[in-house]
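Grab a pencil and work through these exercises one at a time. Try each task yourself before you read its solution.

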Amino acid sequence: LRMTVQRLFRLSSLLRSALSQQARRNVGLSAVAMNRAKDLDPVQKLFLDKIREYNTKSKAAGGVVGAGPEYQKNMADELAKLQRLYGGGDLTKFPDFKFPEPKFEEVSPK
């Protein structure tokens, strides 16, 4: 009887800790969800508005906003310098890596 009671207490302790952990997770997630549902802090709202405004201007300009001819010249000079250093190619896109399959020779056991 005593062993059964101890097992029951141990099981209830495990169950209680699992439920409390689950409750903490749910409270944490619901706090994040409720925070997003509320209006943003005025500074956060201003920051997000400026980022969205820059994104719109950047798409309209097709690149960096407010970039004059001097910026374009510096960018072209830097790209030319990098092409000389690293052997050319299109430096504005991610490189395409090709790894050929290695050729193995079959070796007979001795």
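**Exercise 1.** Is Asp-49 buried, partly exposed or exposed?

Before we start, note that this is a predicted model, where local features need pLDDT of at least 70 and side-chain atom pairs count only at pLDDT 80 or more, while totals for chains, interfaces and linings use all residues. Residues are numbered from 1 along each chain as its sequence is written, and side-chain values use heavy atoms, with hydrogens and water left out.

*Solution.* Step one: get the cut-offs. Buried means under 20% relative accessible area, exposed means over 50%, and partly exposed is in between (1.4 Å probe, protein chains only). Step two: look up the value, which is 34% for Asp-49. Step three: conclude that Asp-49 is partly exposed because its relative accessible area is 34%.

**Exercise 2.** Describe the overall make-up of the protein.

*Solution.* Start with the elements: you'll find 3 helices and 0 strands. (Helices are DSSP runs of H or I with at least four residues, strands are runs of E with at least two, and both are numbered from the N terminus.) Read from the N terminus, the order is α-α-α. Next, check burial: of the 110 residues, 1% count as buried. Finally, the surface: the protein exposes about 11200 Å², and carbon and sulfur atoms supply 61% of it. Those areas come from the Shrake-Rupley method with a 1.4 Å probe; for residues, only the protein chains shown count as cover.

**Exercise 3.** Which residues does Asp-49 pair with through salt bridges?

*Solution.* Here's the idea first: side chains of opposite charge can pair when their charged atoms come close. A salt bridge is a side-chain nitrogen of Lys or Arg within 4 Å of a carboxyl oxygen of Asp or Glu.

- Step one: Lys-45 is a partner of Asp-49, with the closest N and O atoms 3.3 Å apart. Both residues sit in helix H2, 4 residues apart, about one turn of the helix.
- Step two: Arg-52 is a partner too, and here the closest N and O atoms are 4.0 Å apart. Arg-52 and Asp-49 are 3 residues apart in H2, so about one helical turn separates them.
- Lys-45 is partly exposed at 45% relative accessibility, while Arg-52 counts as exposed at 52%.

The structure holds 6 salt bridges. One further pair is Glu-53 with Lys-57, whose closest N and O atoms are 3.2 Å apart. These two also lie in H2, 4 residues apart, about one turn of the helix. Glu-53 is partly exposed at 36%, and Lys-57 is partly exposed at 43%.

**Exercise 4.** How does the span of H2 fit what you'd expect at 1.5 Å a residue?

*Solution.* The rule: the expected span is 1.5 Å times one less than the number of residues. H2 has 20 residues, so it should span 28 Å, and its end C-alpha atoms are 28 Å apart, which agrees. Now try H3: it has 18 residues and reaches 26 Å from its first C-alpha to its last, close to the 26 Å expected.

After H3 comes Gly-87, with a positive phi near 85 degrees.

**Exercise 5.** Which residues make the nonpolar surface patch of about 360 Å²?

*Solution.* Patches are made of residues with over 30% relative accessible area and no salt bridge: like charges are joined within 9 Å, nonpolar side chains (Val, Leu, Ile, Met, Phe, Trp, Tyr) within 5 Å. The members are Tyr-54, Val-64, Tyr-71 and Met-75. Tyr-54 is found in helix H2 and is partly exposed at 43% relative accessibility. Val-64 lies in the loop between helix H2 (42–61) and helix H3 (69–86), and it is partly exposed at 40%. Leaving aside neighbours within four places in sequence, Tyr-54 is in contact with Val-64 and Val-65, where contact means heavy atoms within 4.5 Å.
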